[in-house]
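I hope they are handy to keep beside the viewer.

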Amino acid sequence: LTHVYPSSIIKLITENEMNYEDILYEIKDRIATITINRPKVLNAFTGDTIKEMEHALAAAEGDSAVGVIVLTGVGERAFCVGGDVNWEKGHSEGDDSSESGLKDLDFKFNHQLLACTKPIICRVNGYAIGAGNHIAYFCDITIAADHAIMGQNGVRVGSPACGYIVSQAANIIGQKRAREMWMLARRYPAQTFMDWGLVNAVVPMAELDAEVKKWADEFLALSPTCLKLLKRSFYDQAEPVLGKDMTDVIADVAPNYFETGEQLEGANAFLEKRKPDFSAYQ
């Protein structure tokens, strides 16, 4: 994790508590569970949610009582459907939140997932769309309920997800599948993603918790130091595709993207339940 947060910052985060509003954090039987708790919006996140998730992950990383980390969402409808579109477009009228939307998000959570030295299991309990999908495949192990639907969303709603979160998909499943998934933003059943190599196990929802616990207990029986060494080895292998994050790529390719209206057209079309018209931005 030193590539993202030095040990001094991890210690500071661990020692300074945060009052979580958008997530739940629990430690039981050496398993830390981070649960996105925004079920009314299918566990879509805002910038505040991401900050809480980053804090909780760093706290679990620095806690000697934690051997395995589980990431999931509340309910049975969704793990996470990505960014809350109202927040992504800069908030709806009357919203006095201090967050100003997607363009100001310093999104390093996926990098943090890769760099964390402890095993991370993603428990996919329903829709995993957009960031929900790529967060799931950045975890070490992804276990999905058989009703889960997964896939990307960016090109459909004008959300400019790019950089290493995209290139890591090609690192896992190859260029052709990764380009299909990202560039067409189709929806896929969890079983398809298991066949592709993005999901490790698919089980009925009633068996999801038991399956996650089984994998977690298997990790807990193994050498924690050897697991750390393995995770750093996988990180080093992935590092060549981690060079640029979303902000870097947008600055290189489309520095005025958020001023053109294209992103707002995608967000507004989604909220208005209509097909977006991107013809003016070719």
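**Notes on the predicted model**

1. The crossing of α5 and α7 is left-handed, where left-handed means that the near helix is turned anticlockwise from the far one by less than a right angle, and right-handed that it is turned clockwise. The two axes, α5's and α7's, come within 10 Å and cross at roughly 50°. That makes α5 oblique to α7; angles under 35 degrees count as roughly parallel, over 145 as roughly antiparallel, 65 to 115 as roughly perpendicular, and the rest as oblique. Axes here are lines fitted to C-alpha atoms, for helices over the stretch in contact, with angles from 0 to 180 degrees between N-to-C directions. On the α5 side H134, Y137 and F138 meet Y164, I165, V166, Q168, A169 and I172 of α7, contact being heavy atoms within 4.5 Å.

2. A word on conventions before going further. This is a predicted model, in which local features need pLDDT of at least 70 and side-chain atom pairs count only at pLDDT 80 or more, while totals for chains, interfaces and linings use all residues. Residues are numbered from 1 along each chain as its sequence is written, and side-chain values use heavy atoms, with hydrogens and water left out.

3. For the overall picture, the protein chain has 14 helices and 10 strands; these are DSSP runs numbered from the N terminus, helices being H or I of at least four residues and strands E of at least two. Of the 282 residues in the protein chain, 50% are buried, and buried means under 20% relative accessible area, exposed over 50%, and partly exposed in between (1.4 Å probe, protein chains only). Among contacts in the protein chain between residues at least 6 apart in sequence, 73% join residues at least 24 apart.

4. Back to α5, which spans residues 131-138. Eight of its eight residues are buried, so α5 is largely enclosed by the rest of the structure.

5. What does α5 pack on? Four strands form an open sheet with mixed pairing, in the order β4-β6-β8-β9; two strands pair if DSSP finds at least two bridges between them. Its edge strands are β4 (78-80) and β9 (188-189), each pairing on one side only. Helix α5 packs on this sheet, touching β4, β6 and β8 (149-151), and its direction makes about 95° with that of β6. Strands β4 and β6 (residues 127-129) run parallel and are joined by two bridges, with A78 having Y127 as its bridge partner in β6.

6. Helix α7 (residues 164-173) has another helix neighbour to look at: its axis and that of α8 (residues 175-184) come within 7 Å and cross at roughly 140°. That makes α7 oblique to α8. The crossing of α7 and α8 is right-handed. I165, V166, A169, A170 and I173 in α7 meet Q175, R177, A178, M181 and W182 in α8.

7. Strands β1 (residues 23-28) and β2 are antiparallel, joined by six bridges, and L24 has T35 as its bridge partner in β2. They form a hairpin with two residues between them, and D29 in the turn has a positive phi of about 55°. From β2 (residues 31-36) to β3, six bridges pair the strands in the parallel sense. I34 stands opposite L71 in β3. The chain crosses from β2 through helix α2 (residues 47-61) to β3 in a right-handed β-α-β crossover; right-handed here means that, with the strands pointing away from the viewer, the path from the first strand over the helix to the second runs clockwise.

8. Burial is worth a look here too. Six of the six residues of β3 (residues 68-73) are buried, so β3 is largely enclosed by the rest of the structure. V68, V70 and T72 point one way from β3, and I69, L71 and G73 the other way. Strand β2 likewise has six of six residues buried, with I31, T33 and T35 pointing one way and A32, I34 and I36 the other. Beyond β3 comes a parallel pairing with β5 (residues 120-124) over three bridges, where V70 stands opposite I121.
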